Amino acid sequence: MKPFTYERARSPAEAAAAAARRPGAKFIAGGTNLLDLMKLQIEVPAHLIDVNGLALDKVEPTPEGGLRIGALVRNTDLAADERVRRDYAVLSRALLAGATGQLRNKATTAGNLLQRTRCPYFYDTAQPCNKRQPGSGCAAIGGFTRPLAVIGGSEACIATNPSDMAVAMRALDAVVETVRPDGTTRSIPIAEFHRLPGGTPHIETALEAGELITAVTLPPPAGGRQFYRKVRDRASYAFALVSVAAVVQRDGTGRVALGGVAHKPWRVEGAEAELRRGAKPAMAAILDGARPTPENAFKLALAERTLASVLAEARG
Amino acid sequence: MPASDTPSVTRRSAMAGAAASAAAASLPPVALAQAPSAAAPAGALEAPVTATLSLTVNGEAQSLELDTRTTLLDALREHLHLTGTKKGCDHGQCGACTVILDGKRVYSCLTLAVMHEGDAVTTIEGLGRPDSLHPMQAAFVKHDGYQCGYCTPGQICASVAMLEEIKAGIPSHVTADLTAAAQTTAEEIRERMSGNICRCGAYSNILDAITEVAERQA
Amino acid sequence: MKFDTPAGANPIDQLKVVGQPLDRIDGPLKTTGTAPYAYERHDVAPNQAYGHVVGAGIARGRVTAMDIAAARAAAGVIAIVTTLDTPRLAKAKRNAAPLFGGAEIQHYHQAIAVVVAESFEQARAAAQLIRVSYAREPGRFDLAAAAGSAPLVGGDSEEGSGAPPEDRRGDFEGAFGAAPVRLDQTYTTPDESHAMMEPHASIAAWEGDRLTVWTSSQMIAWGKADLATTLGLPPEKVRLVSPYIGGGFGGKLFLRADAVLAALGARAAGRPVKVALTRPLVANNTTHRPATIQRIRIGAGRDGRITAIAHESTSGNLKDGKPETAVQQSKLLYAGANRLTAMRLAELDLPEGNAMRAPGEAPGLMALEIAMDEMAEKLGLDPVRFRILNDTQVDPEHPERPFSHRQLVECLSRGAERFGWSGRNPKPGERRDGRWLVGMGMAAGFRNNLLTKSAARVRLDREGIVTVETDMTDIGTGSYTIIAQTAAEMMGLPIDKVRVRLGDSDFPVSAGSGGQWGANNSTAGVYAACVKLREAVAQRLGFNSADAAFAEGMVRAGNRSAPLGQAAGEAGLVAEDGIEYGDLAKRYQQSTFAGHFVEVAVDAATGETRVRRMLAVCAAGRILNPKSARSQVIGAMTMGVGAALMEDLVVDKRLGFFVNHDLAGYEVPVHADIPHQEVIFLDEVDPVSSPMKAKGVGELGLCGVGAAIANAVYNATGIRVRDYPITLDKLLDRLPEMA
């Protein structure tokens with residue numbers, strides 16, 4: 001870990017401005033992923049801006065009937081929020097399926113959105129990785145790919161996004177609110193927040209330099225029955241091989257987003273019309289264009305079967 | 001040892017100031033920076049930065065001057081010599097470093113000490129001592145809920161805080177009905193304790209220990 | 001004390017203290033965080049500096065240059081020792097690859113430098129400034145590819161399990177060819193990591209040419225000897241101290257780079273240095289359990305009696321490494337006149353393979369006990385019945401040599417009854433519980449009981465306190481407690497009058513902790529020392545030692561009695577002795593036995609397997625402390641769940657290293673994976689094993705568990721997986737169609 005200077009920010013705008021002023025600055029909130037990566041020098045901020053003191057830790061109703069989740073709301077608190085449990089169960093379930101009690105107590109809403117991949121080659125600094133060191137190559141392609149992406153990957157990168165929370169938020173059409181260093185704010189639909197790797201896998205989100213997430217807004221409740229089914233080798237404390245976030249209405253329509261399959265939470269709205277015909281046609285449409293490796297091709301069948309199981313539970 | 005076998009070493013006893021740039025050397029055929037970070041950002045520092053910190057540990061006020069890089073875990077172990085909190089992985093993958101921070105369990109390896117100005121930390125040493133065990137510590141002894149002992153302080157801190165989480169109505173992955181209050185069942189305890197790995201495999205006994213304490217509290 | 005005839009009645013048989021389920025005496029220290037582990041010894045040497053180890057970034061080749069200028073200039077750096085500056089250190093007897101020195105790289109993450117600095121943060125940051133250039137050479141990393149040309153190699157694990165290159169009895173090929181019912185299958189087990197919670201760690205301090213290392217070691221005497229060899233020091237100049245060990249499982253049997261680099265770093269820095277391997281370094285820098293490819297052939301008559309059995313195993317290792325002795329149990333577990341075992345060893349350039357809990361038997365039984373399940377099915381026999389039918393009370397290769405005590409049949413029968421085995425549906429894939437497919441499986445467990453000499457020193461003071469000193473270690477096994485129980489029983493004291501000091505090379509050399517030999521041998525050594533102390537006490541009191549009785553802190557002979565402490569006087573009394581064994585192990589086969597029973601549920605949609613119930617019935621001689629012995633068994637069963645369902649050090653066959661080298665990537669069971677576990681110990685004493693009449697249990701609990709789970713998965717789903725771990729991707733395409 002390289003030495004860094006440290007400051008506590010007093011307002012979101014001040015934090016963003018400070019980040020723009022200081023080259024190599026990073027925000028730190030929960031720190032559960034950033035510090036992990038700093039120890040390995042995968043992240044090397046020269047300056048840390050501690051944003052924990054910003055009053056962004058509330059979950060509030062929006063005038064539209066949705067919820068506005070402060071960027072610093074801890075994963076535990078968001079999962080336990082009564083409104084989330086009642087009206088956005090898929091989000092509560094996704095949060096509770098992720099990480100551990102200790103991590104959820106620290107990890108924040110914004111930080112969870114910014115989690116970086118768990119690709120083992122990204123984590124091994126002796127190996128080339130285009131995400132870690134642009135242009136160095138990708139050791140994962142042709143190597144151990146079982147946990148990696150089956151769709152949306154590129155010649156440069158086949159990493160997956162590890163978040164559970166983001167998958168549920170994708171199914172819920174959440175919107176990410178930010179403030180930029182110049183003080184202006186913007187709203188980024190979650191569909192546009194995470195990027196596919198393309199030729200620039202080191203650029204993972206739509207955030208600009210110094211831009212700070214202030215909140216995530218959920219639209220009014222989607223209703224229906226909500227599920228988050230996370231499939232993994234061990235029963236807890238593991239990243240998803242595949243996860244399915246689903247909101248299923250009484251008439252069989254619904255929304256589905258997948259985790260563990262791509263560089264971003266994977267949702268294909270156009271495929272959701274197939275849901276009423278069953279998991280097989282729906283998943284075929286959702287994963288149309290998939291390019292798995294021999295080692296991770298099982299994820300296609302697994303995603304379909306998991307969705308089938310979820311739909312069966314929704315019917316039952 | 002014959003002198004010829006003595007490893008020749010590079011020795012440096014004085015502290016250096018800012019060092020030369022860390023730019024990676026030429027690559028082919030294979031040259032690896034051991035940590036080829038994303039291009040070191042402009043303004044990268046080499047000299048350590050220190051900060052002062054006041055916090056309460058096990059009820060005692062502590063004042064420290066620390067490198068900003070020091071984790072809460074290393075502050076406890078290396079600076080306060082409270083070595084009951086263990087370093088198993090240093091990456092949030094094992095749970096041995098679990099402490100109770102302002103009432104909530106966290107991994108002390110994944111948070112910087114400097115971020116905890118004014119906070120209150122309870123470590124295993126703050127729960128009880130060998131001659132005055134906390135009820136959870138006593139239950140671990142009674143049910144043999146440990147073997148090598150290295151994950152044990154983390155298991156105990158986690159379990160004490162975990163029971164409070166259930167009382168506070170926080171649901172878990174295995175809570176069947178999200179709108180109802182969570183119960184202290186074996187399945188709930190197992191899921192909620194899954195952030196503390198015990199490679200010796202004392203889980204079945206740890207569950208018995210926690211269950212006994214939970215029932216006594218109920 | 002020489003032990004060469006089966007034990008008669010002795011003071012241990014009183015079972016006032018021994019055999020009682022006492023709480024561990026180290027419990028209050030461990031549960032309060034006050035038991036000191038290696039890296040935590042702020043108390044033992046002033047002015048400690050921090051060492052950070054750098055591992056090689058290639059699997060095979062040479063380090064051509066190391067640029068340490070930036071690291072040297074970094075803040076706080078005191079010294080840097082690089083492998084290029086250091087002549088290759090002598091390779092100690094028990095290491096397959098040198099731990100440091102020279103340009104050649106034999107495996108990934110082999111240590112190439114240690115950076116010593118004032119603080120942990122400074123050492124780590126400076127280490128990350130070192131730039132290394134390598135000349136990479138091609139290596140051999142694929143066991144399956146190398147297996148075809150791997151030569152026959154015998155060997156043993158140094159943990160007691162061994163076999164010759166090839167061993168034949170009768171005419172295997174003829175009998176197998178003639179058998180009406182035959183099985184010929186191949187099974188694979190992956191590389192596994194010990195993944196103990198405490199990483200390898202050491203503090204080294206020099207006083208002139210004397211070196212003291214506070215470390216985390218299962219085998220003090222091995223570590224001391226091998227550190228002396230590696231550094232070219234006379235052994236008497238080296239002291240190792242390791243009173244608490246945060247798990248080992250075989251991973252801390254041998255000297256590793258942490259101790260060596262702490263010593264070199266301390267010499268270079270001119271002050272004590274502490275070193276812990278970072279977690280990402282542990283998997284590739286240290287040892288692991290090697291992968292195996294095992295072919296098993298079994299031929300039987302229609303009556304279910306085995307007539308021919310062959311077990312051949314191929315594993316890989318570095319040039320000087322040894323084979324995984326996976327065929328060992330197949331020489332002894334089942335009857336059958338025509339037998340073949342063989343081991344092949346492929347030379348690989350992966351990190352060193354070596355002993356991990358139950359080396360040999362753990363992977364061997366993972367294969368053999370699936371094969372037995374498959375064979376039972378072919379024969380139309382219940383798997384419990386099939387095993388009972390093929391029990392043997394003698395070494396099948398040497399029928400004149402009986403087992404000292406063999407209760408496998410009782411383990412299996414008792415387990416079947418207790419577990420409700422009769423409720424198992426023999427037809428697989430039939431039992432459903434909501435979305436879960438449910439099945440039961442079982443396997444036999446087998447692990448040898450190993451005898452190895454062990455010594456101790458006992459001191460008596462005038463307060464009547466007995467202090468035991470031995471270099472025995474407690475790696476979570478309960479050594480502190482059973483040693484205290486032994487001394488208390490022998491000296492007629494309650495356990496709180498006994499102090500136990502372990503893990504110091506200044507103490508008499510013990511068996512150490514490995515091969516599940518620790519409990520029986522180390523307590524037998526304490527027994528021997530206590531016999532000597534009893535004689536000294538009697539003599540001091542002027543009693544006839546033959547009829548002196550030790551009880552309730554008093555010594556009685558005839559109508560005379562005296563408090564035990566009185567014999568000690570001001571100076572105290574000291575006795576030292578050890579146990580040494582004659583040829584009983586040659587005359588009798590000494591082994592431990594278990595029946596493992598498991599119920600699993602497999603998600604019919606996703607193939608996720610979750611264990612619902614586990615039972616082990618063990619026959620392992622006298623159980624010295626049922627509470628800590630039970631813990632050994634449940635812990636081993638937990639490791640068996642990991643081996644069956646998730647543990648897999650994944651080899652990158654291009655680059656030659658274990659890719660998932662941290663605890664997020666290498667999954668071991670968590671709380672949610674483990675159900676309630678039940679353990680039953682059969683009432684057994686084995687007077688052939690030692691005066692303690694005990695045997696080991698710590699590895700027995702692992703042996704067979706993996707196969708019991710595999711067999712339960714088969715019973716649940718009808719899918720036979722012969723390639724561990726049984727992850728969902730191996731089940732998915734054969735699970736029931738989804739609606």
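Author: Contact means heavy atoms within 4.5 Å. By that cut-off, 36 residues of chain C are in contact with 34 residues of chain A. The model is predicted, so local features need pLDDT of at least 70 and side-chain atom pairs pLDDT 80 or more, while totals for chains, interfaces and linings use all residues. Residues are numbered from 1 along each chain as written, chains are lettered from A and ligands numbered from 1 in the order written, and side-chain values use heavy atoms, without hydrogens or water.

Reader: What is the area buried between chain C and chain A?

Author: About 3000 Å², with carbon and sulfur atoms giving 54% of it. Buried area is the accessible area (1.4 Å probe) that two parts lose on being put together, summed over both.

Reader: What makes R146(A) and D729(C) a salt bridge?

Author: The term requires a side-chain nitrogen of Lys or Arg within 4 Å of a carboxyl oxygen of Asp or Glu. The N to O distance for R146(A) and D729(C) is 2.9 Å, so the pair qualifies under the 4 Å limit. The count between chain C and chain A is one salt bridge. On the side of chain C that touches chain A there are 21 nonpolar, five polar and 10 charged residues. In that tally Ala, Val, Leu, Ile, Met, Phe, Trp, Tyr, Cys and Pro are nonpolar, Asp, Glu, Lys and Arg are charged, and the others, Gly among them, are polar.

Reader: How many residues of chain C are in contact with chain B?

Author: 98 residues of chain C are in contact with 80 residues of chain B, and the area buried between these chains is about 7100 Å². T31(C), M197(C) and H671(C) supply 12% of the area chain C buries there, more than any other three residues. The rule finds six salt bridges across this interface. E647(C) and R199(B) form a salt bridge, with their closest N and O atoms 2.6 Å apart. Helix 16 (residues 626-645) of chain C gives the largest share of the side that touches chain B, nine residues. Helices (H or I, at least four residues) and strands (E, at least two) are DSSP runs, numbered from the N terminus.

Reader: What parts does the salt bridge of E198(C) and K252(C) tie together?

Author: Their side chains meet at 2.9 Å, N to O. E198(C) is in the loop between strand 11 (181-189) and strand 12 (201-207) of chain C, and K252(C) in the loop between strand 14 (238-241) and helix 7 (257-269) of chain C, so the pair ties together parts 54 residues apart in sequence. E198(C) is buried at 2%, and K252(C) counts as buried at 1%.

Reader: What makes a set of residues a nonpolar core?

Author: Its members are buried Ala, Val, Leu, Ile, Met, Phe, Trp, Tyr and Cys residues joined through side-chain atoms within 4.5 Å. The largest core has 248 residues, and L258(A), M491(C), V537(C) and I709(C) have the most contacts inside it. Helix 9 (residues 361-379) of chain C gives the largest share, 11 residues. A second, separate core of 52 residues includes V59(A), A89(A), M165(A) and A171(A). In soluble globular proteins, nonpolar side chains tend to be buried together.

Note on methods
Buried < 20%, exposed > 50% of the residue type's maximum accessible area, 1.4 Å probe, protein only.
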